[in-house]
Each structure stands twice: as C-alpha cells, then as structure tokens.
Amino acid sequence: MHHQPMPPERVHARRRAIGDRIRQARVHANLTQEQVSLRTGIRISTISEIENGHRAALLDSLIRIADAIGVPLADLVRE
C-alpha cells in the first residue's frame, strides 16, 4: 500500500473548512450522512471522513454531495 505524505497544514485546514461547510449544509437541509450516502452512492464512512477533513474529496464527489444536499458547489468550496 502506498502512503502519501500528510498535506501541508494550510491544505489540511482548507480541507477541514470544506468538510465543515458540507456538514453545516447537510444539517441545514435536515439530512443525515446516511441519506446523503443513499442519494450520492458514496459510502457513509467516506462522507464522514470528508466532513472531518480526513479525506480529500474528488471533484465528482463534491458535485454529487452538493446536488444531494441541494446547494451550489461553490457554497461548499468558497473561501
């Protein structure tokens, strides 16, 4: 198994911020991680890891999550 080095702290901080915005939007939409998982086809564990900043989300996953929650993609990745 190939292990990648930890991302620089500024990248990790931005990843956590995106995860926080995903969680806030999901909760605001009254959706559980399970409901988002069912709508996107993304495993609950992966959604949790993205929300907690432990996993970098692919662009396709971010698009699917934004669509499932009903928010523009830009709202999740804005700075």
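This is a predicted model: local features need pLDDT of at least 70, side-chain atom pairs count only at pLDDT 80 or more; totals for chains, interfaces and linings use all residues.
**Reading helix packing and a core**

Colleague: At what angle do the axes of α2 and α3 cross?

Modeller: Read the angle together with the axis distance. Here α2 and α3 cross at roughly 115 degrees, and their axes come within 9 Å. Angles of 65 to 115 degrees count as roughly perpendicular. α2 and α3 are therefore roughly perpendicular to each other.

Colleague: Which residues of α2 meet which residues of α3?

Modeller: On the α2 side, they are Gln33, Glu34, Val36, Ser37 and Thr40. On the α3 side, they are Ile44, Ile47, Ser48 and Glu51. Sorted by class, this contact has three nonpolar, four polar and two charged residues.

Colleague: Now α2 and α4. At what angle do they pack?

Modeller: Helix α2, residues 33-40, packs against α4 at about 115 degrees, with the axes 9 Å apart. α2 and α4 are therefore roughly perpendicular to each other. Their crossing is right-handed. Val36, Arg39 and Thr40 of α2 make the contact with Arg64, Ile65, Ala68 and Ile69 of α4. By class, that contact has four nonpolar, one polar and two charged residues.

Colleague: How should I read a nonpolar core? Which residues of the largest one touch the most other members?

Modeller: The general idea first. In soluble globular proteins, nonpolar side chains tend to be buried together. In this model, the largest nonpolar core has 14 residues. Ile22, Val36, Ile65, Ile69 and Leu76 touch the most other members. α1 (9-28), α3 (44-51) and α4 (59-69) each supply at least two residues of this core. α4 gives the most, with five residues.

Colleague: Take Ile22. Which residues is Ile22 in contact with, leaving aside neighbours within four places in sequence?

Modeller: Ile22 is in contact with Ile50, Glu51, Leu62, Ile65, Ile69 and Leu76.

Colleague: What does Val77 touch, not counting residues up to four places away in sequence?

Modeller: Val77 touches Ile18, Arg21 and Leu62. Compare sequence with space for Val77 and Gly19. They are 58 residues apart in sequence, but 9.1 Å apart in space, C-alpha to C-alpha.

Technical notes. Residues are numbered from 1 along each chain as its sequence is written. Side-chain values use heavy atoms; hydrogens and water are left out. A nonpolar core is a set of buried Ala, Val, Leu, Ile, Met, Phe, Trp, Tyr and Cys residues joined through side-chain atoms within 4.5 Å. Buried means under 20% relative accessible area, exposed over 50%, partly exposed in between (1.4 Å probe, protein chains only). Helices (H or I, at least four residues) and strands (E, at least two) are DSSP runs, numbered from the N terminus. Contact means heavy atoms within 4.5 Å. Axes are lines fitted to C-alpha atoms, for helices over the stretch in contact, and angles run from 0 to 180 degrees between N-to-C directions. Angles under 35 degrees count as roughly parallel, over 145 as roughly antiparallel, 65 to 115 as roughly perpendicular and the rest as oblique. A crossing is left-handed if the near helix is turned anticlockwise from the far one by less than a right angle, and right-handed if clockwise. Ala, Val, Leu, Ile, Met, Phe, Trp, Tyr, Cys and Pro count as nonpolar, Asp, Glu, Lys and Arg as charged, and the others, Gly among them, as polar.
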